[in-house]
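Subject: Structure handover and notes

Hi,

Here is the structure for you to open next to this email. My notes follow below it.

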2 protein chains.
Amino acid sequence: MKTLIVHAHPEPKSLNSSLKDLAVATLENAGHDVLVSDLYAMNWKATVDAADFGPSAASPLQIARDSGRAFDAGTLTPDVRAEQEKLLWADTIIFQFPLWWYTMPAILKGWVDRVFTYHFAYGVGEHSDTKYGERFGEGTLAGRRALLSVTAGGPESHYAARGINGPIDDLLYPIQHGILYYPGLEVLPPFVRFGTDRMTDADYPEVAKAWRQRLLTLDSTEPIAFRPQNFGDYAIPSLQLKDGLEPTGRAGFGLHVR
Amino acid sequence: MKTLIVHAHPEPKSLNSSLKDLAVATLENAGHDVLVSDLYAMNWKATVDAADFGPSAASPLQIARDSGRAFDAGTLTPDVRAEQEKLLWADTIIFQFPLWWYTMPAILKGWVDRVFTYHFAYGVGEHSDTKYGERFGEGTLAGRRALLSVTAGGPESHYAARGINGPIDDLLYPIQHGILYYPGLEVLPPFVRFGTDRMTDADYPEVAKAWRQRLLTLDSTEPIAFRPQNFGDYAIPSLQLKDGLEPTGRAGFGLHVR
């Protein structure tokens, strides 16, 4: 297994950093290769701008078009190209981050915004009567798996089916489906720890044990059964789910899981 | 009306920047006061780190605790304090941004991560048998209104009830409910333009007309009826919605709208 861990926390002694360190040790001890992109330690630039695209940046700037031209010409900045190469090297990508305001920290969103360029992560594949590009189940990163490892400060009940924050699966859908499944990654069920605001050192061994167990069983873990875009479930080009495919009463994001 | 516009696009000639400029002109012509936080033009720092908290940053760093101490002591960085002051000055806050990977650009997420500190946007109010802090309908920004103005590259059908991206209201819920309603803002229905990837100059007048109309009727626009946290709809402290309050068949994020 070749694993890339993308890590987004500024404090090396935080729970998130401990889980990242534990993942490295656990996977390496099991004989796997591991690379880490520790975004804070790398002083990762979080904002997309014209400087990302070198001579391919036009005026006025168009992010999609210009990032695609820079990708094609090999003129993306070295930091972005290095991340794209790590993604192509890996068969498994783990994202370790705290839920800040119900989604990923800005530095990690900036990794997505900058690394997932046109012609690499989107704008891939032809459009026809039966295909709307290669995405949602196809694409550059097809054949690889991704896994979110997330800490949430609040208690689990707040993220339950009737919890005020909304269900955790729905909060993570824009990331798991919209960012990861889009360029072809299979997404494993997330590893989420709740109530971390009130965690103490005494709680850590249980968390570490659960995380180790997940890490050592990645190979046998079934991905979330998101519906592929181009294989009959959706009308093309409207990309509406065809009638009658879902269990009665299911709606919203849940429609897109088989 | 005192309006703060928080704007997140790097290209002054983009559709987003045009909509921002139009909002400034329209509101000022109508006699309102307007401030703009143009995050790219300000070279906004997108990542939270110890430098944000001055002498209040501890080692190991704890973002919530240390940001609250810096807020209390007045030692947050000047850029963050200026944004907090603008928020307190305003009665209306407009966010203008493109949907990138189904959520806000990193630079805007970094504005939230850094400006919405502990004791300012969260960690406000006491906990008791009937209150779980002041949030979701109460809080520092109560009495003010917020509005998202968002552009989405893809067509509207992809964001419809059965569209592959998920319903736009659900995609925006973590922002509208989790980020804006949380510290007390009332959230007006969003202004969303779809299909902007294929928009031409000929399409702009219609968009501008619709945006102007929204801007000039903000006073009479009803906010989204999110359920306040502390007034009986939720069990405390589990914050689960009590049974029987929702229309039959409603689930997920939709539960939290009356």
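Chain A superposes on chain B by a rotation of 180° with 0.0 Å of shift along the axis, at an RMSD of 0.0 Å. That is the relation of a two-fold axis. The same surface serves both copies: 100% of the contact residues of chain A recur in chain B. Of the residues of chain A, A:Ala106 comes closest to the rotation axis, with its C-alpha at 2.4 Å.

A word on the ground rules. This is a predicted model, where local features need pLDDT of at least 70, side-chain atom pairs count only at pLDDT 80 or more, and totals for chains, interfaces and linings use all residues. Residues are numbered from 1 along each chain as its sequence is written, chains are lettered from A and ligands numbered from 1 in the order in which they are written, and side-chain values use heavy atoms, with hydrogens and water left out.

**The interface**

Contact means heavy atoms within 4.5 Å. By that rule, 64 residues of chain A touch 64 residues of chain B. The two chains bury about 5,000 Å² between them, 62% of it on carbon and sulfur atoms. (Buried area is the accessible area, with a 1.4 Å probe, that two parts lose on being put together, summed over both.) Which residues of chain A lose the most area to chain B? They are A:Trp101, A:Arg162 and A:Ile164, together 21% of what that side buries.

Polar links cross the interface too. There are 26 residue pairs in polar contact, both residues at pLDDT 80 or more. (A polar contact is a pair of N or O atoms within 3.5 Å; within protein, one must be able to donate a hydrogen and the other to accept it, and residues adjacent in sequence count only if both atoms are side-chain atoms.) Two elements of chain A give two or more residues to this side: α4 (106–115) and α5 (168–181). The largest share, seven residues, comes from α5(A). By class, the side of chain A has 36 nonpolar, 16 polar and twelve charged residues. Here Ala, Val, Leu, Ile, Met, Phe, Trp, Tyr, Cys and Pro count as nonpolar, Asp, Glu, Lys and Arg as charged, and the others, Gly among them, as polar.

**Salt bridges**

The rule is a side-chain nitrogen of Lys or Arg within 4 Å of a carboxyl oxygen of Asp or Glu. Over all chains there are 36. Four cross the interface of chain A and chain B. A:Glu246 pairs with B:Arg162, the closest N and O atoms being 2.9 Å apart. Within chain A, A:Arg193 pairs with A:Glu206, also with closest N and O atoms 2.9 Å apart. That pair links strand β6 (residues 191–193) to helix α6 (residues 204–216), 13 residues apart. Helices (H or I, at least four residues) and strands (E, at least two) are DSSP runs, numbered from the N terminus.

**Backbone points to check on screen**

Most residues other than glycine have a negative phi, and most peptide bonds are trans. The bond from A:Ser59 to A:Pro60 is cis, with omega near 0°. A:Pro60 lies in the loop between β2 (33–38) and α2 (63–73) of chain A. The bond from A:Ile236 to A:Pro237 is cis as well, with omega near 15°. B:Trp101 is not a glycine, yet has a positive phi of about 50°.

Best wishes

Key
Least-squares fit on C-alpha atoms with pLDDT ≥ 70 in both.
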